[in-house]
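Here is a friendly walk through this structure for someone meeting it for the first time. Please keep the picture open while you read the points below.

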Amino acid sequence: MIEVLRAGLCDLVMDPGRPGWGALGVPAGGAADPAALAAANRMVGNDAAAAGLEITLSGPTLRFPAGGVAALTGARFAAVRSSGAAAAWNETLVLAAGETLSLGQAQDGCRCWLALRGGLAVPRVMGSRSTLLPAGFGGHLGRALQAGDALPCEPGVGEVRLLRAHPPSGERDAPLRVVTGPQAGLFDDAGLAAFFGSPYRVAPASDRRGLRLRGAAVTHAQLELPSQGVLPGAVQVPPDGLPIILGWDGPVTGGYPVIAGVIAADMPRLAQLRPGEAVRFVTIELEAARARRAGLWEIEELG
Amino acid sequence: MGERGLRVATGDATLARYAGLISRNFPEIEEVIPADDSLLLVLRRGEAVSADLCAALAAPPAAAPLMSGILHEIAVEYGGAAGPDLPALAERAGMDASAFIQRHAAVEYTVAFLGFQPGFPYLHGLPDALHAPRRASPRVRVAAGSVAIGGAYGGIYPAGGPGGWHIIGRTAAVLFDPARDAPALLMPGDRVRFVPR
């Protein structure tokens, strides 16, 4: 059980999501970096698909009335325990009864994941415990956590082992790798040059539905397109020419031309882009993208 | 659409293709999302298109959609506070409001696909005279159950929220409820008739 003493900017219950409902207009959603949540789950002895918290930019203060076992992965946030000690990242944390864990601002990146032994015991909706915030269902009452909330955990199974995780290494500043989109041909040379040649910045109005970019407008033939199915990572260009990278909770269909799609291996990087951060794009061939896997987390015994 | 999304142009055979692919249960496909005149095939992570799937996509589609095509009657309160755009749309179409309602309720619509919000149906079959380009500036809040027109499509907003379509009425029908066994009231291939009340 956790008690929310103070809520963060947007603390959402997440698991791997609910793929398979796209034909009903429901996006798969789920943790923005499912491998990072899975690694946190493994460090507390959970099934990789257990529900944890996805914490964005500024975190909550949580109290563990009966104590607990937890783990944090993803972007580093300022984080202190009741004792005043800093909470470690990427390792099993054992919390005493009544202890609090207080997360502040993200120091680098945008999102972290908190796994709790047993996993958060919110009801499954359409097969998943993930919050789908735009539609207001799943997770804890379909919304972000608020001060005063109390969330029970499922009972933990098996013994607790103290583990440490090593995230995959990656170049933070490398351009996002994309494959060209189905409507790339609608863009003229100037539009393509703007998109691939100039840096963009993540606009403040970005969320799990989409990352809005600021920078050079990408010009294109202003055609009315029939709606098509779209996926997280698809880069849509609305009439104003400012690209939107669709996020995890974005719509499943869209009517704007899609110039490119972020490859699956780079989606975890998308999860860490902060408002104001620079973004560049580079194309890679489809076959090369298929061969490229997201880096693997390695987990070892602590001590 | 990234390396996991395969857009297949399907034209008029979208629903037949959709039903055909769903019934075959290809192991490499995570899901199939129907849209206007295309399908998006979402491949499972690390999977490629199999020879079987290639062959199925190359074969001619089934003659008729293999879908139930249930007919739903949707009771609508037209105009007034429930349908603030009805007077302007009727004027645009060169008819009075009651004639507009009659035309809107006289035809049978087909659910082409769902999108935008969970359970939001894009309806084919809107009479040409009732087509209207989307609003220049979207409303910040449209009520749940709003019956709408966007371009050549009819639609119904399952939940409240921002929206750029013209609102001509409202229904009390619950279009989407994630707790139901069948969360979406209307499914691709279903038919819809609006009944003025």
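This is a predicted model: local features need pLDDT of at least 70, side-chain atom pairs count only at pLDDT 80 or more; totals for chains, interfaces and linings use all residues.

1. Helices (H or I, at least four residues) and strands (E, at least two) are DSSP runs numbered from the N terminus, and two strands pair if DSSP finds at least two bridges between them.

2. Residues are numbered from 1 along each chain as its sequence is written, and chains are lettered from A and ligands numbered from 1 in the order in which they are written.

3. Back to the sheet. In chain B, 7 strands form a closed barrel in the order E4-E11-E8-E9-E6-E5-E12, with mixed pairing. On average, neighbouring strands of this sheet are turned by 45 degrees against each other, direction ignored. Helix H4 (residues 97-106) of chain B packs on the sheet and touches E4, strand E11 (166-170) and E12 of chain B. The direction of H4(B) makes about 150 degrees with that of E12(B). Axes here are lines fitted to C-alpha atoms, for helices over the stretch in contact, and angles run from 0 to 180 degrees between N-to-C directions. Two residues are in contact if their C-beta atoms, placed from the backbone, lie within 7 Å.

4. Which residues of helix H1 (residues 14-24) of chain B are buried? They are B:Thr14, B:Leu15, B:Arg17, B:Tyr18, B:Ala19 and B:Leu21. A residue is buried if 20 or more other C-beta atoms lie within 10 Å of its own, exposed if 12 or fewer, and partly exposed in between, with C-beta atoms placed from the backbone. The cover over the buried residues of H1(B) includes E2, E3 and helix H2 (51-58) of chain B. B:Asn25, which follows H1(B), has a positive phi near 55 degrees.

5. Chain B as a whole has 4 helices and 12 strands. Its radius of gyration (taken over C-alpha atoms) is 18 Å, close to the 16 Å that the globule rule (2.2 Å times the number of residues to the power 0.38) gives for 197 residues, so chain B is as compact as a globular protein of that length. Buried residues account for 43% of the 197 residues in chain B.

6. Chain A contains 4 helices and 22 strands. With 303 residues, a compact globule would have a radius of gyration near 19 Å, and the 20 Å of chain A agrees with this. Of these 303 residues, 50% count as buried. The C-alpha trace of chain A spans about 60 × 40 × 30 Å along its principal axes.

7. Two residues in loops of chain A deserve a look. Most residues other than glycine have a negative phi. A:Leu57, however, is not a glycine and has a positive phi of about 65 degrees; A:Leu57 sits in the loop between strand E3 (52-56) and strand E4 (61-64) of chain A. A:Asn90, also not a glycine, has a positive phi of about 60 degrees and lies in the loop between strand E6 (77-81) and strand E7 (93-95) of chain A. Is each of them buried or exposed? A:Leu57 is partly exposed, with 17 other C-beta atoms within 10 Å, whereas A:Asn90 counts as buried, with 20 C-beta neighbours inside 10 Å.

8. Finally, the contact between the chains takes 33 residues from chain A and 35 residues from chain B. The predictor gives the complex an ipTM of 0.90 and a pTM of 0.93.
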